[in-house]
Structures are given as structure tokens and as C-alpha cells.
Amino acid sequence: MAQIIDSEVFLAFSTYATIVILKMMFMSFLTAYFRFTRKAFANDEDVRMAKSPEEKKKMLRVNEDVERVRRCHLNDLENIIPFVIIGLLYTLTGPELSSAVLHFRLFVGSRFVHTVAYVMALPQPSRGLSWLVGMVVTLCMAYQVLTVTLRL
Ligand SMILES: N[C@@H](CCC(=O)N[C@@H](CS)C(=O)NCC(=O)O)C(=O)O
């Protein structure tokens, strides 16, 4: 186990996994930023600063910019959690460093592009393609885990 933790592949995985998890966590701050700038809140207790009941009612609303960031965050959860779990198992199978780093870089790069494409509403297929690259990388790693470990 100590050998695995000291390996270059594990260190590279830890680096890229941490970067992409931090990116995902950043989506919470971005959501908060859009909530305040668009004055669109979700809970009664969040609009206590409103001066009148009418203003309070206006601030309790759904805003498309906020929802867009929330959808982007949800998509991160759908893709980054599988990457971290499968990527860790893949790391334990002892892959070549160059091949492993290529997988990690492609995935992390694809998620940054996906976020920019989603939040800035870039024309398709920019978001679709970036999502596909990340998904294919995770599936490739899953395939390699199964080829090494398969016991049915
Ligand atoms: N849960 C996703 C599954 C498919 C997916 O992840 N598609 C990518 C590429 S089109 C996406 O960015 N979907 C938008 C989203 O998840 O909000 C969805 O509802 O669209």
C-alpha cells in the first residue's frame, strides 16, 4: 500500500482529482454569486434583508442564470464522482505513467471546457463534446480496471 501511495501515478491522480474536485466546489460559490447578483433566492430565511413583503416575494424566485450554474454543478457531480472512484481503482491497477496522466489531463481539461461552455451558454456541440471526452476517459479507465480485475 505504501508503494502505491508513493507511486508517480497515484501522486498524479491525487493532483488531478483534487483540481477537478476544487473546480466542482467552486460551483457553489458561483451559484451564490449569481443568487446575489440576480437577487434570486430559494428559501424564506434567505430574503430577510428585503424591506417589504412585496420585495421579499420578488426575491423568492427561479432565475435562469442561477439554474444554469446549478445544472452545471449537477453535471459535475454526475461525472466527477465516477471519475474519482474509477480513477482510484485504475491507479491501483498499475498503469503506465504516461498513459495515466493522459487520461487524467483529458478528463480534467474536458470538465473545465464543459463548465465554460455551460455557464457562458456557448453554442453546441461545445458542451456536448467536452462532456463526451470526459465520459469516454472514465469509461476507458473502467474498461482497464475490469480487464485487470474481472472475477465473476
Ligand atoms: N443528466 C444529463 C445526462 C446527459 C449529459 O450529461 N449531457 C451533457 C452533454 S449535452 C450535458 O451537459 N447535459 C446538461 C445537463 O446535465 O444539465 C442530462 O440531463 O443532460
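## Salt bridges

Searching the whole of this predicted model turns up 6 salt bridges. One of them pairs Arg 111 with Asp 76, and their closest N and O atoms sit 2.9 Å apart. Arg 111 belongs to helix H5 and Asp 76 to helix H4, so this pair ties together parts that are 35 residues apart in sequence. What's worth a look here is the burial. Arg 111 has 0% relative accessibility and counts as buried, and Asp 76 is buried too, with a relative accessible area of 0%. The cut-off for calling a residue buried is under 20%. Lys 23 joins in as well: Lys 23, Asp 76 and Arg 111 are linked in a network of salt bridges.

Arg 71 forms a salt bridge with Glu 64, with 3.0 Å between the closest N and O atoms. Arg 71 is partly exposed at a relative accessible area of 34%, and Glu 64 is also partly exposed, at 45% relative accessibility. Then there's Arg 70 with Glu 67, where the closest N and O atoms are 3.4 Å apart. Both of those residues lie in helix H4, 3 residues apart, or about one turn of the helix. Arg 70 is partly exposed, its relative accessible area being 41%.

## The nonpolar cores

The largest nonpolar core has 18 residues, and those with the most contacts inside it are Val 20, Phe 83, Tyr 90, Phe 104 and Phe 107. Helices H2, H4, H5 and H6 each supply at least two residues of this core. H2 gives the largest share, with 7 residues. Apart from this core lies another one, of 8 residues, including Leu 30, Phe 34, Ala 40 and Tyr 118.

Neighbours within four places in sequence aside, Phe 104 is in contact with Val 9, Ala 12, Phe 13, Tyr 16, Phe 83, Tyr 90, Thr 91 and Met 141. Thr 91, one of those partners, lies in helix H4 and counts as buried at 5% relative accessibility. Again leaving out neighbours within four places in sequence, Thr 91 touches Val 9, Phe 10, Phe 13 and Phe 104.

Leu 74, Leu 77, Ile 81, Ile 85, Leu 88, Leu 89 and Leu 92 make a nonpolar surface patch of about 590 Å². Take Leu 88 as one of its members: this leucine is placed in helix H4, which covers residues 64–92. Leu 88 is partly exposed, with a relative accessible area of 35%.

Which residues does UniProt list as "transmembrane region"? The unreviewed entry gives 12–34, 80–108 and 128–150 under that name. Residues 128–150 are 96% helix and 0% strand, with 31 Å between the end C-alpha atoms.

A few loop residues have backbone geometry to check. In general, most residues other than glycine have a negative phi, and most peptide bonds are trans. Lys 39 has a positive phi, near 50°, without being a glycine. Lys 39 sits in the loop between helix H2 (8–38) and helix H3 (53–59), and is partly exposed at 45% relative accessibility.

The loop between H5 and H6 holds Ala 121, another non-glycine residue with a positive phi near 50°. Ala 121 is partly exposed, with a relative accessible area of 44%. And where does Pro 125 sit? Pro 125 is in the loop between helix H5 (97–119) and helix H6 (126–149).

Terms used: Residues numbered from 1 in each chain as written. Predicted model: local features only at pLDDT ≥ 70, side-chain atom pairs only at ≥ 80, totals over all residues. Heavy atoms only, no water. Patch = residues over 30% accessible without salt bridge, like charges linked within 9 Å, V, L, I, M, F, W, Y side chains within 5 Å. Areas by Shrake-Rupley, 256 points an atom, 1.4 Å probe, with all protein chains shown as cover. Salt bridge = Lys/Arg side-chain N within 4 Å of Asp/Glu carboxyl O. Helix = DSSP H or I, 4+ residues; strand = E, 2+ residues; numbered from the N terminus. Buried < 20%, exposed > 50% of the residue type's maximum accessible area, 1.4 Å probe, protein only. Core = buried A, V, L, I, M, F, W, Y, C linked by side-chain atoms within 4.5 Å. Contact = heavy atoms within 4.5 Å. UniProt positions renumbered as here; feature names shortened; annotations may be inferred.
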